[in-house]
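Colleague: I would like to learn how to read a model like this one. Please take me through it feature by feature.

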Amino acid sequence: MSGKRIGVFVCHCGNNIAGTVDVAQVASVMAAEDGVVCTSDHAYMCSDPGQNAVIAAIKENALDGVVVSCCSPNLHERTFRENAKAAGLNAFDCEIANIREQCAWVHRDPGEATEKAIRISRVAVRRLGRNRALDAIAIGVTRRVLVVGAGIAGIQASLDLAAAGLEVVLVERQATIGGRMMGLSETFPTLDCSQCVLSPRMVEVARHPRITLMVSSEVEKVSGYVGNFQVRIRRQAAYVDPDLCKLCDDCAQVCPVVAPNEYELGLSARRAIFMPYPQAIPATYTLDAASCLGLNPVVCGKCRDVCEAGAIAYDRKPETVVEQVGAVVVATGFDLYGQQQLGEYGLGAIEDVLDGLQFERLCSASGPTKGKILRPSDHRAPKDVVFIQCVGSRDPARHCAWCSKICCMYTAKHAKLFKHQVPDGRAYVFYIDIRSGGKGYEEFVQGVMEEDEVMYLRGRVSRVYQDGDKVRVFGTDTLSGQNVEIAADLVVLALAMQPSAGTAAIAKTLKISRDKDGFLAEAHPKLRPVESVTAGVFLAGTAQGPKDIPETVAQASAAAAKAIGLLSQPQLSHAPTVAAVRSRLCTGCRMCVDTCPYDAIRLVNGKAVVTDVLCEGCGSCVTSCLRAAIQVKNSTPLQMKEMIEAVLRV
Amino acid sequence: MSEDPKTTYEPRIIAFLCKWCSSAGSDLAGVSRIQYPANATPITVPCSGSVSPQYILTAFRKGADGVLVSGCHLGDCHYLEGNYLARRKLFLVKELLEFIGLEPERFRMSWVSAAEGAKFAQVITDFVADLRPLGPQDKLQGQRP
Ligand SMILES: Cc1cc2nc3c(=O)[nH]c(=O)nc-3n(C[C@H](O)[C@H](O)[C@H](O)COP(=O)(O)OP(=O)(O)OC[C@H]3O[C@@H](n4cnc5c(N)ncnc54)[C@H](O)[C@@H]3O)c2cc1C
Ligand code: SF4
Ligand code: SF4
């Protein structure tokens with residue numbers, strides 16, 4: 001049929017194949033197959049002698065191609081294709097017939113298994129018969145990386161990448177970098193101040209010559225492929241010029257607008273022009289167009305008039321920039337679980353019921369209360385505080401099935417910080433069980449229970465309601481079997497961690513998948529934990545799953561290392577099994593253009609043309625073309641037909 | 001003949017398996033040594049979305065008793081949306097088969113991930129069991145397109 005001289009090598013795999021399949025029979029039937037000029041069988045084809053036998057046979061018999069009937073191509077296709085190359089052939093002059101996983105291991109009857117092994121081997125021979133020699137397509141590499149999200153994960157990844165000499169474009173949605181860690185007070189288990197560890201890193205990012213920082217920005221579109229992505233980024237209008245702003249606060253003093261401060265999680269108010277945090281990076285005031293009276297000097301214009309530095313202009317426009325990068329690190333972080341679904345805990349309805357991040361702000365020296373724990377309703381120091389763990393977590397029936405992993409630890413920390421400030425106060429923790437895996441974590445929780453005398457109550461809370469100036473909490477202590485009722489001054493909920501809204505958005509833009517809970521999906525849960533399935537896109541931090549700061553930082557460094565490894569190659573290679581158009585047959589109907597999920601096809605002079613490096617060889621276009629004008633190399637309709645015939649031949 | 005051909009007939013099946021999910025799922029069935037009937041011969045394809053209706057018709061013309069197309073779960077396609085494409089297109093194949101008078105049960109689609117070795121084995125086992133009573137397929141065998 002194809003005129004190629006083909007050799008077939010059948011592996012016993014010890015007894016793994018030979019125990020069920022009559023290997024000699026397969027070899028002898030294959031010897032009669034059209035095009036096959038030599039066959040042999042071997043105890044272990046993948047052993048050194050086995051591989052040498054393949055190479056020697058190719059040379060001795062002047063073979064044009066070999067079929068190895070053995071285990072799954074996932075295991076040894078590469079091995080035997082290297083052998084083919086070593087003997088002077090092309091990688092595609094070797095095909096694997098999987099007669100182990102798909103045959104010997106799943107069938108007991110030797111007769112049936114042998115018949116099937118013959119059919120599988122025939123299919124491989126027919127595929128090989130029409131294979132063309134193809135070489136991997138070399139692609140150039142852009143040695144720059146896009147990092148999306150500037151929480152601690154994005155910051156760490158950017159600094160590592162920049163330290164390795166790569167250029168980094170760091171894109172952050174908000175007006176300052178730092179993410180959630182910026183809002184934390186002290187951190188478990190060492191109680192070191194969050195901002196003291198984070199701020200120097202943030203300053204380093206801002207000053208680093210190889211890091212381009214873009215805040216108030218979002219990635220709009222990503223095209224291209226590993227090593228060569230084009231990224232379109234949209235930056236909101238910067239009404240305050242950060243280079244001119246002197247941080248004098250004159251503008252905020254005259255601004256007539258009062259709005260809830262989102263960076264303080266609504267615990268304090270701000271002006272329409274304000275600084276997110278005193279340590280914000282970039283260090284500049286920022287004008288929130290949504291709350292400003294209209295960016296119109298006729299209406300207000302007070303801040304612009306008062307700014308001596310001339311930093312404010314109302315007519316600045318959003319900007320769109322396009323960057324070229326070779327890899328992407330996604331570090332878009334987490335949100336707390338949707339508060340509106342948690343009515344039974346009174347969140348949002350009762351003023352003195354807070355979430356964990358709000359409590360962090362109350363403890364923070366730079367927070368709205370300057371670090372004094374005061375309850376929002378009357379600014380009094382609370383005496384009885386109830387902390388409720390697993391709010392939304394571990395509740396597959398109604399909320400999130402997963403464990404948010406960090407809440408046991410930060411709740412213990414919160415109780416400790418409270419007891420340190422209010423030694424005669426009482427802290428209660430409702431919990432399901434305590435998960436404190438981590439260096440020094442268990443000891444930390446034990447200390448909170450014993451030295452700080454925090455009351456740990458094992459059980460769920462059934463009701464929380466306002467009663468005069470108290471918040472009444474009903475629950476059960478399942479250890480003593482008693483119902484518990486506490487008249488609390490403040491209630492703090494450890495809400496589940498969920499992937500941030502920005503994570504859902506970027507996953508769509510980058511076309512990377514998310515797991516059943518919405519966190520970014522890794523390419524392999526054990527062996528490729530920081531890679532997405534899309535080549536060149538890496539994952540870091542809580543966008544991939546709940547984790548604390550040390551784990552976030554470790555994962556960010558790992559993602560950076562993977563990107564560095566990728567981009568340190570002089571060239572990348574792309575599989576050559578791409579689609580090709582037979583122009584003579586193409587009518588320019590565009591069906592394939594519209595079908596291709598990778599935008600790899602264009603019309604040039606009325607004919608479809610495939611951009612090789614964009615094509616992933618999925619074959620979607622092949623089935624869309626009514627003229628059979630487009631084919632994927634080495635998976636052609638002719639090959640398919642001959643393989644089908646090979647199976648059904650009697 | 002004393003045996004009932006409806007329970008002993010061994011159907012010949014072509015199974016188009018996508019390289020990323022179902023083929024890997026069949027590998028896992030192997031590694032887990034889950035037994036299933038030997039009637040289906042796999043042909044690996046890049047994506048279920050690359051299986052042209054033409055291939056299915058060819059298989060029937062050449063005498064296949066059943067054709068299976070198995071790909072990744074919807075939403076999990078390695079190629080983003082190839083399997084949605086497959087589903088839409090292959091649904092039409094089913095209607096076409098019915099139109100030309102072939103039992104539509106002879107054509108089946110399934111979604112088997114790389115982690116679903118047991119499911120793969122089950123898909124083949126069920127398909128074989130459902131095809132047996134239909135006996136040999138002679139409606140399209142030998143027909144020109
Ligand atoms: C109450 C509480 C207390 C905690 N206490 C501790 C502690 O004591 N010790 C400890 O180790 N850990 C603690 N943690 C955990 C810690 O906060 C996280 O591990 C850490 O902040 C995660 O960092 P990240 O960079 O992954 O995410 P984030 O901090 O969420 O950063 C993500 C960044 O990405 C940005 N972003 C999102 N989407 C986009 C987009 N589409 N485009 C551009 N930018 C985007 C966000 O604006 C944000 O700046 C605590 C968590 C909580 C909730
Ligand atoms: S579908 Fe076929 S005929 Fe139409 S443009 Fe693409 S290759 Fe040309
Ligand atoms: S094979 Fe897939 S990726 Fe390549 S051009 Fe066709 S549809 Fe696009």
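Colleague: Which residues surround ligand 2?

Modeller: Ground rules come before the answer. This is a predicted model, where local features need pLDDT of at least 70, side-chain atom pairs count only at pLDDT 80 or more, and totals for chains, interfaces and linings use all residues. Residues are numbered from 1 along each chain as its sequence is written, chains are lettered from A and ligands numbered from 1 in the order in which they are written, and side-chain values use heavy atoms, with hydrogens and water left out. A residue is near a molecule if one of its heavy atoms lies within 4 Å of it. Around ligand 2 we find Cys586(A), Thr587(A), Gly588(A), Cys589(A), Arg590(A), Met591(A), Cys592(A), Ala608(A), Cys625(A), Ala629(A) and Ile630(A).

Colleague: How many residues of each class does the shell around ligand 2 have?

Modeller: Ala, Val, Leu, Ile, Met, Phe, Trp, Tyr, Cys and Pro count as nonpolar, Asp, Glu, Lys and Arg as charged, and the others, Gly among them, as polar. The shell of ligand 2 has eight nonpolar, two polar and one charged residues.

Colleague: In what order do the elements of chain B run?

Modeller: Elements are DSSP runs: helices are H or I with at least four residues, strands are E with at least two, and both are numbered from the N terminus. Chain B has five helices and four strands. Its order from the N terminus is α-β-α-β-α-β-α-β-α.

Colleague: What share of chain B is buried?

Modeller: Buried means under 20% relative accessible area, with a 1.4 Å probe and protein chains only. In chain B, 52% of the 145 residues qualify.

Colleague: How many aromatic pairs are there over all chains?

Modeller: Rings of Phe, Tyr and Trp (its six-membered ring) pair if their centres lie within 6.5 Å; planes under 30 degrees apart count as stacked, over 60 as edge-to-face and the rest as tilted. The whole structure holds nine pairs. One of them, Tyr263(A) with Phe274(A), is tilted, at 6.1 Å centre to centre and 50° between the planes. Both Tyr263(A) and Phe274(A) are buried.

Colleague: Why is the pair of Tyr36(B) and Phe120(B) edge-to-face?

Modeller: The ring centres of Tyr36(B) and Phe120(B) are 5.6 Å apart and their planes lie at 80°, so the pair is edge-to-face. Tyr36(B) sits in the loop between helix H2 (22–31) and strand E2 (40–45) of chain B, and Phe120(B) in helix H5 (residues 117–131), so the pair ties together parts 84 residues apart in sequence. Tyr36(B) is buried at 7% relative accessible area, and Phe120(B) is buried at 4%.

Note on methods
Buried means under 20% relative accessible area, exposed over 50%, partly exposed in between (1.4 Å probe, protein chains only).
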